Structure formats: C-alpha cells, structure tokens
Amino acid sequence: MSGAALADYAAPHEAALREGRIVMQRCDDCGVITYPAGPCCHACLSPALTWAEMSGRGTLWAYVIYHHAFHPAFADKLPYNVALVRLEEGPQMIAGITGASNDELRNGMALVARFEPQPDGSRLLKFRPDTDSQG
Amino acid sequence: MSRITNPLRNKVAIVAAHATMQGKHPDRSAWDLGVEAYRGALASSGIAPARIDGLLTQTANGGQMDPSRFGQMVGLDPKVTGALTYGTAFFSIAYAAALISSGQASVVACVYATNQRSHGFANPADQIPANERHGFFSAAGFAALGYQRYLHEYGRTADVDKLGAVAISQRAFARLNPIAFRRDPMSWDDYLQDRWIAWPLRRSDICLITDGGVALILADANLAADLVDQPVHLLGLGRQDALGGLARGDNLLIPQMRATATQLYERTGLGPGDVDNLQIQDAHASVILHTLENYGFCGAGEALDFIQDGRIGPGGPLPVNSGGGQLSEGYMVGWLHQVEAFRQLRGEAGERQTSNCRIAQFCATGGAREYSGSLLYGTGAVAEMLL
C-alpha cells in the first residue's frame, strides 16, 4: 500500500475489472460482500477478507440516459445510458448496458456482465440482457 | 410509553439573515462576498460585532472561507471558531444550535460564500472516478437514477414531464425576488422545449451554479428578544443519514427522510399540516417529490400530482422554495433557504410573502443522498405556544 488512499483498497477490484472479472471482498467470518473495498467487513468489522469472483449476473435497478457530454470522450456516444445494476450477490455497481437500445431498458431486467475490449488493451465492464435467465 | 422531549425547545433563534445578490461576481472573492453578507446581517439587525462569540463558516472552493482567517478579517475574537465543509446549511445551523444550547457560545455568526460560478467548482473528494469511465457524471446522475426509479416504482414514466411544475413554480417565485439570478419567465412550453441533460432530468430540473454569500446570526433564545424585534425561533430538528450510497441498499428515493421526519415532528408536536412555508434544498427538482412524500406532505407516489396547478407556487396552499430555490434563486447549498424562511416568518418577503406565515420547515439532503436533516422554524407566538 502506498498510503491511506481509498484507491489502494480498490486496486485488486480495479485490476480484475481491466482483465474482465468482477472481484469483491468477501468476509471470511460472516460471508458478507463489502463494496466499495475497505479495510474491514462493513457488516461485522472483521479484517479477514478474501477477494472473491462475482457471478456477473444481476438486475437493472435504475438507469439514466445522458444527452449531455460532461467529458469530451462521451460526445460521440450521445445519447448513452448508465445503469445502476444490483448484482445477485447484493452490491450495486454503475455501468452501461449494451445489447439493448435505450428504449428497451426495463427496471428489473436480468443482466449479465460483458467486458468490452478497449483501445489500450484493457476491458471495460458493461452489462447486457441475460437471455439465458428466467428473470 | 416514554414522553418524547425536545432538547432544542426554546433554546435557539435566528436573529439576523442576509444574502448578497446571486449570480456572477467575477471580480470578487468568496471572502469578499462572505464579508458583505456578514456586514449585511449585522447592519440589518443592529447587532454589535462585540456580541458575536461564535463563528462558523462553511468552507468554499479553493480553500476560501477558512474560519480563522475569516474571523481575523472581520476582527473577531470569538469563544468558538469552527468550519464545516461543503454540504448544506443544515450542518452549520445544527452545529450553532449545539454550541448555543450547551452554553459554549450565545450569539453565533454562520457564514457561507463562494465564487464557484466564476472561478470553478471543486468536486468533493469522494467523487468516484470509477463511475466516470462509464459516463456517470455529476450529482445529476444520482438524482436522475432516483427519479427514474421513482417513475418506475409508481408506474408514472409516461408522466415524466409533470416534474416541470417544480421548476416553473420556483421560477414564478424567483421573479418576485430581487436577489434571484434567474428572473426571466418560464412557461410550460419553455420547460418542455428545454433539453435533456440526463433523462429523466432536463436542464431546468438541475440547480444553478452561482456566486454569492449568506450570513446568519443565531442566538440563545433568551437573549434573542433583547437583540432584535422579531427573532425567528428554531423549534426543533431531525437528522438521519444513510451511508450505503449507490453501492449498498436502496437509497435512491432518500427513505431515511422518514426517520428524520419522525424525529422532528415527535419532538416538536407539529406535523406537515402545520407548515405554512416549505424550504427544500433542491439540488434537483426531483428532490421535491421525495421530500414531499417522505415527510408526509402527500402520500407515496402522489407528489407528481400534488405539485400541479400552482399548489406549490405563488399564492398556492403550500409554497415551496418561495425565494426561487436553487433552480432559480441561487446555489448556496441550502443557505438561501434559511434567509427566505427568516424573511417569510417576519413578514418581510414582499410580493412573495406567504399569508399568515407562522411556521416554516427546511429539509436538506445531499447530492449523493447520504444524509437528511430538517428544521422547523416559528414566529415568537408559535414558540410561546409550544412552551
């Protein structure tokens, strides 16, 4: 660790995302997932945490359609969606939905993680409709 | 059943409130705007600077409004000096009330000023860059997620445009407020032609950024009547936070406000039906919906209908943000709402005066929906009645 920066706690999560996996801290004592990452389990305060891979499955909790580019990198993507996705393990993540038009987005729709290759060789987390799901 | 007590009953009053013109002040520092507000609060109340024994500031962009430096600037040697960072006027008022009710200070000046419109706005340190790579920007993102979820939960997605009643009502009030930044008329046509920023929110649903300053002076309620003619009494407060943020739990509709409401109303023996003038810290128009419902001004899922037909506008039965709010008056993170409540309860609000205004309520929440706080204010007659 380089210090007390919150980014240090999140580094394994971020590194895994760039490789195409979602990992989060699971408590060895009570099993609860802590996200965003930190020095202890948010439920029981145990410091015994193990990085665990999430299934990538979840549901669409809420979404936004941006029509304004707050950063030039998004100017050619308008209008684009951003969703709050509730993972089946519990935590909620922000990510875009792909494989569905903005008009097709529905609260509660079943989603699965899909990692998109980026120009720098890393991957970006997105979710797509989970057509295999009963949801 | 244990009797609920109100620790702030007859403890604290606002004795002065002053706001600068809101808008663009490119040649002025936050310090300068803060001094103007402070000077105005003293001048309008006749309170001598020597009476100030507590100084609280809310720090602003670029490290401005540090309380020690501000106190040095205006020649104060108070008993207590303190600061709270970016957030809401609620924090400073609750802090001042704690200082006064515990006897640490008796007359506390609270000052906030910023020149963030002209000189840039530093985001709080807890912004998550991880979300920005997905294009999730600005506190408007949180509010838009909340409004979308709201529309879904109550089956009102087809009525998304009805939110316009908030911006239109508040603009109508701002047109009656000489210090408001946006005073041009806004019709339904204007609103509906306005562009989406983050659907379901339009530009008009999102707060302004302005330069300006506000100063409040709070005093021990027993001193208040000796200091000024018409003190405005703090009747009580409530506060409940929810720190799971977006990552954990269901905080989008700010449900912790319900616990805040229960605290506030039980402590004071008052309820939403007693409120003559409602002040809601409106980072976004949709916060009005969540606040009206969670505090019980209307039922869950009813707010989009409740706000129609001028009900929350000038002359309506429940004036909301009668100074114009952060959508039209200026963006002082809830500070201007205190000035407006103070003026309304003293009958000094001119053309936008709420008739027979005896009780006002302020409700705060943050852009990331992590806290909620609320205050009830009353005239001297109301405070006496509650004794």
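**Figure 1. Burial and overall form of chain B.** Of the 387 residues of chain B in this predicted model, 55% count as buried. A buried residue has 20 or more other C-beta atoms within 10 Å of its own, an exposed one 12 or fewer, and a partly exposed one a count in between, with C-beta atoms placed from the backbone. The C-alpha atoms of chain B fill a box of roughly 55 × 50 × 40 Å along the principal axes.

**Figure 2. Elements and contacts of chain B.** Chain B holds 15 helices and 11 strands. Helices (H or I, at least four residues) and strands (E, at least two) are DSSP runs, numbered from the N terminus. Among contacts in chain B with a separation of 6 or more, 79% join residues 24 or more positions apart. Two residues are in contact if their C-beta atoms, placed from the backbone, lie within 7 Å.

**Figure 3. Chain A.** Chain A has 1 helix and 8 strands. From the N terminus on, their order is α-β-β-β-β-β-β-β-β. Its C-alpha atoms fill a box of roughly 45 × 40 × 25 Å, again along the principal axes. Of the 135 residues in chain A, 28% are buried. Residues 24 or more positions apart make up 45% of the chain A contacts with a separation of 6 or more.

**Figure 4. The contact between chains A and B.** Chain B brings 23 residues to the contact, and chain A brings 25 residues. On the chain B side, α5 (129-132), α6 (138-153) and β5 (196-199) each supply at least two residues. α6(B) gives the most, with 7 residues. The chain B side divides into 12 nonpolar, 7 polar and 4 charged residues. Here Ala, Val, Leu, Ile, Met, Phe, Trp, Tyr, Cys and Pro count as nonpolar, Asp, Glu, Lys and Arg as charged, and the others, Gly among them, as polar.

**Figure 5. Strand pairing across the contact.** Strand β4 (residues 57-66) of chain A and β5(B) run antiparallel, joined by 2 bridges. Strands pair if DSSP finds at least two bridges between them. A:Ile65 stands opposite B:Trp199 in β5(B).

**Notes.** Residues are numbered from 1 along each chain as its sequence is written, and chains are lettered from A and ligands numbered from 1 in the order in which they are written. In this predicted model, local features need pLDDT of at least 70 and side-chain atom pairs count only at pLDDT 80 or more, while totals for chains, interfaces and linings use all residues.
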